[in-house]
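Hi,

Here is the structure I promised to pass along. Have a look, and my notes follow below.

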Amino acid sequence: YVFGGMHLLNACIEKNFGVVVDGNVEVDFSGFETVVDLVGGLDIELSKAEASHLNAQNGNWSLKAGTNHLDGAQALAYSRIRSISNDEVGDFGRTGRQRIVLSKLVQKAKTMSLLQLNDMLTKVLPTLTTDLTDAEIFGYLIDLFPLLVDLKINTARIPADGAYFMTMIDGKSVLVPDLEANREILKGIISP
């Protein structure tokens, strides 16, 4: 992405995983916080270690183990936790937390009216980087709104367990995916 933007990212994904990307939307940290705040925050289950980590980052927070109602800044900080004590999954834990937040956002969107979603989209669009036009994005909203109620979100991680190995390259810890195995897993996820 850093060397060729969305175009090269799409080419990379297609070459390595056989998936053609129809459109990209990038949300920066400010936009992420805005979206969470516009839906009224998210109820997220925090472990004791996650709550302690987040409270240590911001002395004004008093989060606890269990369900907490997170605002945009808190949800962003939660999504960015890279490692915490007793976190054996490391960066996979971070991407797992990000998937939890995205799933919670979809759950909240399912309770909103088309008017509310349209209003939110109008406020969020200026914070997005995308290769889609505003008209395409609003068109997707109108086309997909009737499907939102029955929408079921499944999340997954690539590289999948058992489909990569870890090694050191140039002194850095690197995951080397089994591309063929991950392609097949991804196909099964996208087209079950």
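Helices here are DSSP runs of H or I with at least four residues, strands are runs of E with at least two, and both are numbered from the N terminus. Keep in mind that this is a predicted model, where local features need pLDDT of at least 70, side-chain atom pairs count only at pLDDT 80 or more, and totals for chains, interfaces and linings use all residues. Residues are numbered from 1 along each chain as its sequence is written, and side-chain values use heavy atoms, without hydrogens and water.

Let's start with glutamine 74, which sits in helix H4 (residues 72–80). Its relative accessibility is 10%, so glutamine 74 counts as buried (under 20% relative accessible area; exposed is over 50%, partly exposed in between, with a 1.4 Å probe and protein chains only). Setting aside residues up to four places away in sequence, glutamine 74 touches Trp61, Leu63 and His69 (contact means heavy atoms within 4.5 Å).

Now the inside. The largest nonpolar core has 32 residues, and Leu46, Leu54 and Tyr78 have the most contacts inside it. Such a core is a set of buried Ala, Val, Leu, Ile, Met, Phe, Trp, Tyr and Cys residues joined through side-chain atoms within 4.5 Å. Among the elements that each supply at least two residues of this core are strand E2 (42–46), helix H3 (48–57) and H4. Beyond its neighbours within four places in sequence, tyrosine 78 is in contact with residues including Leu46, Leu54 and Arg97.

Elsewhere, valine 2 lies in the segment before helix H1 (5–17) and is exposed, at 73% relative accessible area.

Cheers
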